[in-house]
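Keep the 3D view open as you read.

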Amino acid sequence: MTMLVDTEVPPIVEMRGITIQFPGVLALDHVDFLLRPGEVHAIMGENGAGKSTLIKALTGVYSVDSGTMTVAGVKRTFASTADAQDAGIATVYQEVNLCPNLTVGENVMLGHVPRRGGTIDWRATHAEATRHLHSLGLTIDPRSLLSAHSIAIQQLVAISRAMVLQAKVLVLDEPTSSLDRDEVEQLFGVIRELRATGVAIIFISHFLDQVYEISDRITVLRNGALVGEHRTAELPRDTLVTEMIGRELDDLTALSGTAHRLIDRTGEPVLRAEGIGKRGVLEPADLDVYPGEVVGLAGLLGSGRTELVRLLYGADRPDAGHVTVHGAPAKLTSPRHAIDHRISFSSEDRRGEGIVADLTVAENIVLGIQARRGWTRKIRKSEQDALVAEYIEALGVRPANPDAVVGNLSGGNQQKVLLARWLATAPELLVLDEPTRGIDVGAKADIQRKVAELSARGLSVIFISSELEEVLRLAQRIAVLRDRRKIGELDSADVDLDGLIDYLANEHEGSVA
Amino acid sequence: MTRIWKHRLFWPSAALLVLITINSIARPRFLTITMRDGDLYGALIDILRNSAPLMLVALGMTLVIATRGIDLSVGAVMAVSGAVALTVIDGSPDPGNLGTVLVAIGFAVLVALVLGAWNGFLVAALGIQPIIATLVLMLAGRGVALLITGGFITTVNSAPFSYIASGYLLVLPFAVFVSAAAIALIAVVERRTALGVLTEAVGINPEASRLAGVRSRSIVWGAYIVSGTLAGVAGIIYASNIRAADANSAGWLIELYAILAVVLGGTSLAGGKFSIAGTVLGVLIIQTLEATILFLGVPSAQSPVFFAIVVIAVVMVQSPWVRGGLSKLTRSRRPQAVAEPERTKVAA
């Protein structure tokens with residue numbers, strides 16, 4: 001499918017040495033980016049790599065601290081998104097920003113409606129909208145309400161609108177995340193049409209297969225820096241994944257014994273999920289977790305690893321499959337139920353779904369226990385003080401002040417507070433989603449050590465991390481997910497980092513073990 | 001240096017003190033409390049007694065606001081509650097009987113509780129935005145009250161019923177005891193149990209609280225029930241004061257004054273951390289301010305402007321912007337250390 005692009009064509013967008021500094025974070029560090037007319041260019045990277053920041057610099061949402069940007073040969077600095085639009089750069093976001101209460105035609109032509117004698121010429125409006133839609137191979141009634149159509153169609157309408165604005169650059173940010181397979185094909189058809197007319201398209205997606213199907217070129221970012229730019233056809237998948245994830249040199253090899261610990265899988269599993277799934281979220285998957293076992297979930301962002309554990313925990317409701325806890329059927333339809341079955345879940349979104357920022361360290365730690373006991377049985381002050389002191393000590397929370405407001409702690413210490421909250425509820429299964437993301441190296445090591453130690457004492461753990469070394473180090477068994485589907489399970493004794501990367505990047509059926 | 005002005009309740013307390021000082025200068029008798037026939041009288045006593053309905057409503061509003069909500073229906077609930085109570089008393093053969101009055105109060109409070117539960121159902125179970133959900137009852141409630149009274153202003157002559165607003169217990173007006181009991185009850189239930197901190201958790205971060213296993217739906221629902229019930233009691237006090245059920249003017253605009261009292265007391269409209277003591281101060285500020293306006297003889301047409309100026313002043317000194325400016329003035333300027341950004345280079 002890949003079309004080779006002539007490198008000699010002058011680029012439509014040339015970004016050089018783009019640097020963006022946020023308080024405490026260097027979001028982009030001297031990043032170069034070249035976009036040529038008539039190519040589909042994917043930008044790849046894990047969370048926090050700087051993809052969105054780069055796009056927002058290009059579309060005028062953020063202003064750059066240093067670096068130059070040239071669009072169609074003209075040097076530009078965008079003060080607003082309107083500036084970027086005037087320069088011919090259009091963006092279609094994941095959540096479509098059109099007017100759902102207007103018709104398709106109105107949305108396509110908004111701001112450019114033909115007039116006659118001071119009033120809008122509706123006939124011409126709809127005719128022209130139809131023409132634009134047809135040019136993308138779409139047959140949608142321009143008089144129908146936008147909200148009556150699926151997200152996929154709305155996205156295509158948004159693209160049509162970009163074409164009315166005569167965009168030379170089209171940015172598609174996660175356009176396929178809520179589309180099904182046919183809809184993706186339709187979108188790709190439109191993308192190919194546009195590419196043929198010389199429009200340059202930036203495509204951002206977490207789905208590797210889609211990136212390989214549609215893109216001509218790939219730029220990889222990691223931690224705000226450019227890792228490399230490649231022709232898609234010349235870039236093996238495992239090289240791409242390695243570039244995205246990076247390799248971390250660490251001093252935690254001592255922990256790797258954890259991964260080789262023998263797990264007794266003859267008894268009842270703590271948790272057994274069969275065919276658990278939800279339409280559009282995760283294809284039905286099985287998962288067992290035995291006592292004292294650490295099961296790692298490996299997969300790129302958006303692969304379905306978070307979705308799977310959220311379904312298990314009842315944070316989202318599955319529409320297929322069933323779960324047994326210690327052999328007995330369990331309906332885990334809400335976090336409450338999961339907690340009653342001694343399952344705890346720490347979300348990857350520490351600020352949004354983890355800490356209660358304005359409360360103190362102590363209040364955050366006892367929140368889980370207090371919720372279980374109900375509001376009438378308040379945990380006694382002396383009991384709370386002892387418990388909080390114990391966990392602050394055991395996990396090394398800094399500052400070691402139970403009355404400190406959690407929102408003011410560093411990410412690593414917030415994560416420790418959350419771990420304390422869940423451990424205090426004495427779970428039998430602890431689900432940790434990205435517990436080490438965005439925290440300093442010391443706290444990372446502390447948390448991994450704690451997981452190893454607790455599992456050795458019989459706690460079952462589901463451990464999710466983008467850093468595959470962590471998963472390999474801690475988990476005895478690794479379930480691999482890709483594109484919202486569990487593609488297999490590996491015994492971590494049988495696989496090394498390269499093997500795991502190869503497995504989660506390439507098409508496999510069954511097990512490689 | 002003590003940082004007393006940094007305390008949450010410093011500015012509301014200061015505002016109240018300033019108001020009282022202005023009053024006592026303009027009117028030396030303002031602070032005087034006299035004893036007549038074993039009962040206490042004076043401007044301060046009046047303020048305490050007159051503040052009872054707003055106090056009850058504002059306490060309920062505090063809890064609702066803490067859950068990120070708002071209850072616009074409290075005034076209408078007051079009207080319904082008064083209408084129910086007076087209709088029961090009016091329809092009974094013996095309006096002066098204590099039993100009749102107690103039954104009437106029981107009915108009225110029960111109806112108010114049900115109305116609060118209705119609000120809670122819309123917000124917590126159906127997930128309707130609080131401002132819309134309670135707007136329904138705010139608009140419909142007064143109509144319901146008119147239906148109950150048959151479109152008339154029902155008046156009664158019942159000594160036990162009048163006692164609620166105008167009677168004395170020991171040396172203080174009975175209504176002051178109702179206020180005090182409500183404050184004590186709410187404070188104990190919220191702070192002696194875990195309800196307060198769970199309410200704050202739900203208000204600060206609903207999703208994190210849900211994932212932590214907090215029954216956030218019940219907590220939000222409960223807040224609206226408490227708010228409705230307290231508004232019902234407030235409606236009885238109001239009706240007792242005028243000895244009539246006036247569906248149009250009972251609790252008129254009280255929802256806005258209650259919200260104001262909560263905000264003056266330092267609780268954020270964004271939800272989360274709340275302060276019962278702050279709300280009590282907020283109510284007393286509003287009530288004292290009204291007394292001041294009355295006494296200073298501000299023409300009634302201009303009194304809302306005067307009111308607004310004072311309120312803006314109090315809210316402004318509490319704003320982070322003004323506070324930031326104040327702390328800059330008080331702190332000696334020291335050079336700000338610029339943290340060197342951590343530059344992590346990754347080999348390409």
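## A sheet, its helices and a chain contact

In this predicted model, chain A holds an open sheet of six strands with mixed pairing, in the order β6-β9-β10-β3-β11-β12. Strands of a sheet pair through backbone hydrogen bonds, either parallel or antiparallel. Look at the edges: β6 (89-92) and β12 (225-231) of chain A each have a single partner strand, so one side of each is left without a neighbour in the sheet. On average, neighbouring strands here are turned by 20° against each other, direction ignored.

β11 (residues 217-222) of chain A joins β12(A) in the antiparallel sense, over six bridges. Across this pair, Arg217(A) stands opposite Arg231(A) in β12(A).

| Helix of chain A | Strands of chain A it touches or lies across | Angle to β10(A) |
|---|---|---|
| α1 (residues 51-58) | touches β3 (40-44), β6, β9 (169-173), β10 (200-204) and β11 | about 150° |

Next, turn to the place where the chains meet. How many residues of chain B are in contact with chain A? There are 26, and they contact 34 residues of chain A. On the chain B side, the elements that give two or more residues are α9 (195-204) and α10 (206-211) of chain B. α9(B) gives the most, with six residues. By residue type, this side of chain B divides into 13 nonpolar, six polar and seven charged residues.

Technical notes:
Residues are numbered from 1 along each chain as its sequence is written. Chains are lettered from A and ligands numbered from 1 in the order in which they are written. This is a predicted model: local features need pLDDT of at least 70, side-chain atom pairs count only at pLDDT 80 or more; totals for chains, interfaces and linings use all residues. Two strands pair if DSSP finds at least two bridges between them. Helices (H or I, at least four residues) and strands (E, at least two) are DSSP runs, numbered from the N terminus. Axes are lines fitted to C-alpha atoms, for helices over the stretch in contact, and angles run from 0 to 180 degrees between N-to-C directions. Two residues are in contact if their C-beta atoms, placed from the backbone, lie within 7 Å. Ala, Val, Leu, Ile, Met, Phe, Trp, Tyr, Cys and Pro count as nonpolar, Asp, Glu, Lys and Arg as charged, and the others, Gly among them, as polar.
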